[in-house]
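I opened this entry to keep track of what I looked up. The notes follow the order in which I went through the model.

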Amino acid sequence: MTDGTELYRKLRFLVIDDQPAARQSLRICAQAMGAFSVEFSSGYQDAITRIRRNPPDVILCDYMLGDDRSGQQLLEELRRHELLNDEAVFMMVTAEQSYEQVVAAVELVPDDYIIKPFSPERLKFRLDRALQRKNFFRPFYVAKREANFDKADAFIETNRDSEAGQPYRFELLRQNAELKLARGDASAAEAAYEEILELHPFPWARAGKAKSLMRQNRHNEARKIVDSVIESSPQYFDAFDLKTQICIDMGDYEEAQQTVEAVSQRTRRNYVRKRLLADAALLNGDATTACSAMEDVLQNDVVIGGFSVSDRLMLVRSLIEAGDALSAEQTIRKITAVSLETATLNEKTSYQALLVMLAPDEARARFNTLAQSCSEIGLDITTQVDVIRAALALNDMELAKCVTAALFASDEIRRVFKQVHLLYETRGAEQEFRTLQREAALLKIGRKAAG
Amino acid sequence: MHQILDIISSGIHDAKNQLFLAESLITQAEAEHGLKLDEARFAIEHAAARLSRLLTAYKLHREVGQLSIDMVSVGDLIEEAVMINAPHCRHLGLDLSSQNLEHKAWPLDRELTLDILSNAIQNASRHARSRIKISTTTGDSGLTLRIEDDGPGYPSTDVELMASKGVGLYVANEIARQHHRGERHGSLVLSNGGALGGAVFELLLP
């Protein structure tokens with residue numbers, strides 16, 4: 001192995017493995033390829049700290065990291081939180097042949113993987129290929145990072161049929177589909193995934209198509225596809241998350257909760273998924289499950305940036321629905337004035353809406369001020385429901401109806417219909433809810449007739 | 001049943017981790033003492049491949065497990081198969097060459113296909129007089145991965161018969177069949193003659 005050692009000498013390696021002997025082996029391998037700078041990490045949390053402090057060029061990561069963590073989970077966390085640039089190579093190392101099945105199914109894949117035992121020569125062969133590919137895609141990664149979608153698109157269009165792009169044709173198709181989804185062009189994304197599916201029915205591409213359909217409000221078609229993906233690839237956990245989202249969109253909360261609950265039990269330390277479980281459970285009227293999921297997040301998600309104001313508000317919301325006002329108030333008091341200063345408008349409004357339910361005398365004035373403008377600013381759906389909940393609790397029927405009417409006017413009501421209905425019902429205002437529903441329907445019919 | 005499979009899988013997993021430690025110690029010894037221990041390395045990788053192959057055969061027999069299909073560069077695949085086996089062939093005084101290293105990508109299970117190719121090269125190396133040749137062709141019927149030698153040829157070219165005699169050909173035959181595109185399935189073809197006059201092993205993937 002004489003060629004390329006120059007290049008490897010300049011690259012910074014990070015070896016992640018919980019077994020000291022295995023770390024040594026990988027270091028020996030890296031050094032045999034010419035690597036000079038090789039840092040070690042003993043596991044998940046430590047790896048994240050090191051990567052944040054000093055991002056490596058090449059990561060060699062064992063699949064099994066101990067403590068209920070996997071290299072795949074680490075990879076997903078790194079890419080989702082953008083702790084690792086696309087230019088860095090993430091190579092999964094494993095003795096487990098079945099890891100191949102994970103890679104073949106999922107959407108977030110390492111740059112390559114290699115099965116133990118292997119020679120340094122073979123590792124270098126695979127790393128060479130990955131580095132060449134990274135080099136080719138460099139302008140694309142930069143454009144994507146800068147959210148310059150037109151430039152990223154142009155890169156793909158130029159290279160699709162070019163000579164230089166030929167070895168990367170498939171990767172170009174894949175990047176194209178992801179790009180179309182990222183820039184919000186769901187029908188172009190659907191077409192891009194179709195193009196991939198002509199080659200082979202890859203589970204991740206079927207899921208990608210389902211996601212594109214969901215974004216086009218074609219929920220029934222999306223659900224059918226995602227059901228078949230889950231059946232054929234039960235180890236593809238993201239597909240369960242996607243199904244949960246589709247079910248929530250369709251108002252089928254029970255199925256949503258069941259789906260995410262089942263997969264969450266198999267991935268106990270995935271806190272993104274725990275948050276999704278809390279959302280689904282709360283919509284499904286299971287505030288107890290929502291509470292325990294959020295308590296778990298607040299206690300244990302300390303790896304990446306930790307929890308946010310939103311997470312605390314979600315716990316407060318769940319506790320209120322579970323009827324535990326005391327704990328809800330204790331939790332909301334933990335939100336500091338400093339963290340509220342940097343909170344989003346949605347978070348601030350939700351905070352006031354939840355606080356007014358727990359301490360009406362103290363918070364009523366501020367809530368009323370905020371609420372006056374709340375129909376004009378585009379609040380997100382969770383916050384709108386918070387305002388409705390608070391307004392009903394304060395007997396401010398005018399405000400409740402105003403926000404609910406706005407929800408009905410948009411298609412968003414589908415997501416929270418049952419929840420809002422229940423809020424009105426428990427306040428003995430079923431009649432008002434039905435009237436709002438009828439008026440919205442009449443309005444729609446009128447609009448259709450006119451247009 | 002799945003419990004037994006889990007126990008076997010985890011045992012094999014541990015064994016391969018141990019073999020990797022052994023191989024890295026060899027790498028270290030090579031670097032420190034300027035040695036070349038290709039045959040020791042080959043023995044380790046050969047043993048690990050055998051363990052994996054037995055597990056694959058067991059899974060096929062029990063009809064569990066599925067292929068992991070990715071778009072794989074055919075050229076890279078062949079290059080890697082040669083890389084794994086070239087030192088051992090050299091040691092035996094055999095010339096291992098490859099042709100047609102195009103970058104065309106094909107939907108296939110990379111690790112299983114690599115093992116099938118490696119096993120076929122090793123079979124050939126036991127019978128070849130002086131040469132083994134790997135080549136690929138693509139056509140309407142799919143991708144053909146071909147390994148030829150200048151030995152005496154197969155005692156029988158009946159695939160089913162030959163696959164019943166050894167785990168390597170059994171796995172090759174079953175895995176070929178599991179590769180499919182719509183209704184078209186892959187296959188294993190054995191013949192004698194070819195460009196070098198000996199055994200011809202052909203893996204056809206749709």
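**Strand pairing in chain B**

I started with B:I147, which stands opposite B:F201 in β9(B). Helices (H or I, at least four residues) and strands (E, at least two) are DSSP runs, numbered from the N terminus. The model is predicted: local features need pLDDT of at least 70, side-chain atom pairs count only at pLDDT 80 or more, and totals for chains, interfaces and linings use all residues. Residues are numbered from 1 along each chain as its sequence is written, chains are lettered from A and ligands numbered from 1 in the order in which they are written, and side-chain values use heavy atoms, with hydrogens and water left out.

I then looked up the pairing of β5(B) with strand β9 (residues 199–205) of chain B, which is antiparallel over 6 bridges. Two strands pair if DSSP finds at least two bridges between them. Strand β4 (residues 131–139) of chain B also pairs with β5(B), in the antiparallel sense over 8 bridges. A hairpin of 2 residues joins β4(B) to β5(B). I noted one bridge there: B:I132 has B:D149 in β5(B) as its partner.

Is strand β5 of chain B enclosed or open? I found 8 of the 8 residues of β5 (residues 142–149) buried, so the strand is largely enclosed by the rest of the structure. Buried means under 20% relative accessible area, exposed over 50%, and partly exposed in between (1.4 Å probe, protein chains only).

**Chain A as a whole**

I counted 24 helices and 7 strands in chain A. For 451 residues a compact globule would have a radius of gyration near 22 Å, and the 25 Å of chain A agrees with that. The radius is taken over C-alpha atoms, and the globule rule is 2.2 Å times the number of residues to the power 0.38. The C-alpha trace of chain A spans about 80 × 50 × 35 Å along its principal axes.

Of the 451 residues of chain A, 55% count as buried. I also checked the contacts in chain A (heavy atoms within 4.5 Å). Among those with a separation of 6 or more, 60% come from residues 24 or more positions apart.

**A buried alanine**

I looked at A:A205, which lies in helix α10 of chain A. A:A205 has 0% relative accessibility and therefore counts as buried. Leaving out residues up to four places away in sequence, A:A205 touches A:Y193, A:I196 and A:L197.

**Backbone exceptions in chain A**

I kept the general rule at hand: most residues other than glycine have a negative phi, and most peptide bonds are trans. Where is the cis bond that I noted? The peptide bond from A:K116 to A:P117 is cis, with omega near -5 degrees. A:P117 sits in the loop between β7 (112–115) and α6 (120–145) of chain A.

A:A147 has a positive phi near 55 degrees and is not a glycine. I placed A:A147 in the loop between α6 and α7 (149–160) of chain A. At 47% relative accessibility, A:A147 counts as partly exposed.

A:N217, also not a glycine, has a positive phi of about 60 degrees. The loop that holds A:N217 runs between α10 (203–215) and α11 (219–232) of chain A. A:N217 is at 47% relative accessibility, so I logged it as partly exposed.
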